[in-house]
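Here's a quick briefing for anyone meeting this structure for the first time. Have a look at the sequence and the model, then read on.

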Amino acid sequence: MENIPIIDLKAQYRSIRGEVRRAIDEVLESQQFILGPTVEKFEHEVATYLGCRHAIGVASGSDALLLSLMALGIGAGDGVVVPPFTFIATVTAITRLGATPIFVDIEPENFLLDVERLDALLKKHSDKIKAAIPVHLFGRMCPMAEIAALAARHRVRVVEDVAQAFGASAGTKAAGTIGALGCFSFFPTKILGGMGDGGLVATGEPELAAKLRMLRAHGESAKYNHTVAGVNSRLDAIQAAVLRVKLRHVDAWREERIRRADLYQKLFLAAGLPGGAVRVPAPGDGNSHVFNYYVVRAERRDELKTFLTAAGVQTEIYYPLPLHLQPCFGYLNYRAGDFPNAEKAAAEVLALPLYPELKAEVQECVVGQISAFYKKW
């Protein structure tokens, strides 16, 4: 069998090539590349899909986080609660504003922010904490009803990081619509991915939506009238055109991801691996886990990764060093052992190939190679 990629964007493109090229050609003919009607249509369609009042397209998921905190007035002296096990952009959005990230450990099994620890932290630092950023990691939703209740009790604003969970939901509520703001990334490898960078902020609050629209365009409320000091972070029309096409397919792709995750679970169960050698993610409740990545915990993780690479199976480690131990955040004075669940996850996680077009026989090959590795020991 040929090499197995962790994601195959070419397979996705082949299925929608005609639609995408027509959509891009329409933008080229219009010569309207920055914001404009194509972006407005995409924003309206996403707001309808998510069931929120406002959707504001921005240049990236990283900017979505930064602009959301700016819109909330987060700045120097403010504390923002965040898990240490996530992509660095979640935390740099805080530090770039002079605010302080206050880390809270994750749950030991699902990698999500620990609600009990969040509760304890809010009680301890209620005067300092202004916002919390729960991260819907790998496609699984955080328990947002509990988090929202805690935040309301302590008067803390919630910014959902939904970069890896577009299309996830809990009941009738979509990820990104429960907090004050929901931040999405359209990086190409995401469930809804563009052909370049792109992002979006969802909100139900008109005042925040208006501020975000100003902030993304240099704080401009009218031409050359700058009400606030903003940034240049606008979703471009070509990305919006591509995303409009992909949005029509995203539900089908989400269901295919869930089906492939279910098959992995069955294959690992049938493989009869030594107890604890590989721990697979629990299936989501309905669409609460949409599997942007299929991440297992593995004993001798690094050796397994090396073995799979030699066998032609691409894997990735998300993330090998938790953020409280990153050199750039050394000034926060966290130490190894401060967040044991995050540190243990960083030592064990391994993402396996998963994408909607992945063939069952390829999944069988992946699990077969993993089984072969552990049978050697």
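## Getting your bearings

I34 sits in the loop between α1 (9-30) and α2 (37-50); helices (H or I, at least four residues) and strands (E, at least two) are DSSP runs, numbered from the N terminus. This is a predicted model, where local features need pLDDT of at least 70 and side-chain atom pairs count only at pLDDT 80 or more, while totals for chains, interfaces and linings use all residues. Residues are numbered from 1 along each chain as its sequence is written, and side-chain values use heavy atoms, with hydrogens and water left out.

**A patch on the surface**

- I34 counts as partly exposed because its relative accessibility is 49%; the scale runs from buried (under 20% relative accessible area) to exposed (over 50%), with partly exposed in between (1.4 Å probe, protein chains only).
- Together with L28 and F33, I34 forms a nonpolar patch on the surface, and the three have about 250 Å² of accessible area together.
- Patches are made of residues with over 30% relative accessible area and no salt bridge, where like charges are joined within 9 Å and nonpolar side chains (Val, Leu, Ile, Met, Phe, Trp, Tyr) within 5 Å.
- Accessible areas come from the Shrake-Rupley method with a 1.4 Å probe, and for residues only the protein chains shown count as cover.

**The overall build**

- The protein has 12 helices and 14 strands.
- Its C-alpha atoms fill a box of roughly 70 × 55 × 35 Å, taken along the principal axes.
- The radius of gyration is 21 Å, which agrees with the value near 21 Å for a compact globule of 377 residues; it is taken over C-alpha atoms, and the globule rule is 2.2 Å times the number of residues to the power 0.38.
- Of the 377 residues, 55% count as buried.
- Take the contacts (heavy atoms within 4.5 Å) between residues at least 6 apart in sequence: 71% of them join residues at least 24 apart.

**Aromatic rings**

- A search of the whole structure turns up 20 aromatic pairs; rings of Phe, Tyr and Trp (its six-membered ring) pair if their centres lie within 6.5 Å, and planes under 30 degrees apart count as stacked, over 60 as edge-to-face and the rest as tilted.
- One of these is F138 with Y293, an edge-to-face pair because the ring centres are 6.4 Å apart and the planes lie at 75°.
- F138 is in the loop between β4 (129-132) and α6 (144-154), and Y293 is in the loop between β12 (278-279) and β13 (294-298), so this pair ties together parts that are 155 residues apart in sequence.
- F138 is buried at 3% relative accessible area, and Y293 is buried at 11%.
- Y264 and Y294 make a stacked pair, 4.6 Å centre to centre with 25° between the planes.
- Y264 belongs to helix α9 (residues 250-271) and Y294 to strand β13, so the pair ties together parts that are 30 residues apart in sequence.
- Both Y264 and Y294 are buried.
- F138 and Y293 also belong to one aromatic cluster with F85, F87, F111, Y318 and Y319.

**Salt bridges**

- Side chains of opposite charge can pair when their charged atoms come close.
- The structure holds 16 salt bridges, each a side-chain nitrogen of Lys or Arg within 4 Å of a carboxyl oxygen of Asp or Glu.
- E19 forms one with R248, and their closest N and O atoms are 3.1 Å apart.
- E19 lies in helix α1 and R248 in the loop between α8 (237-247) and α9, so the pair ties together parts that are 229 residues apart in sequence.
- E19 is partly exposed at 21% relative accessibility, whereas R248 is exposed at 56%.
- E256 and R259 meet in another salt bridge, at 2.8 Å from N to O.
- E256 and R259 are about one helical turn apart because they are three residues apart in helix α9.
- E348 pairs with R279, with 3.9 Å between the closest N and O atoms.
- E348 is buried at 16% relative accessible area, while R279 is partly exposed at 29%.
- Salt bridges that share partners join E348 and R279 with E109, R297 and K344 in one network.
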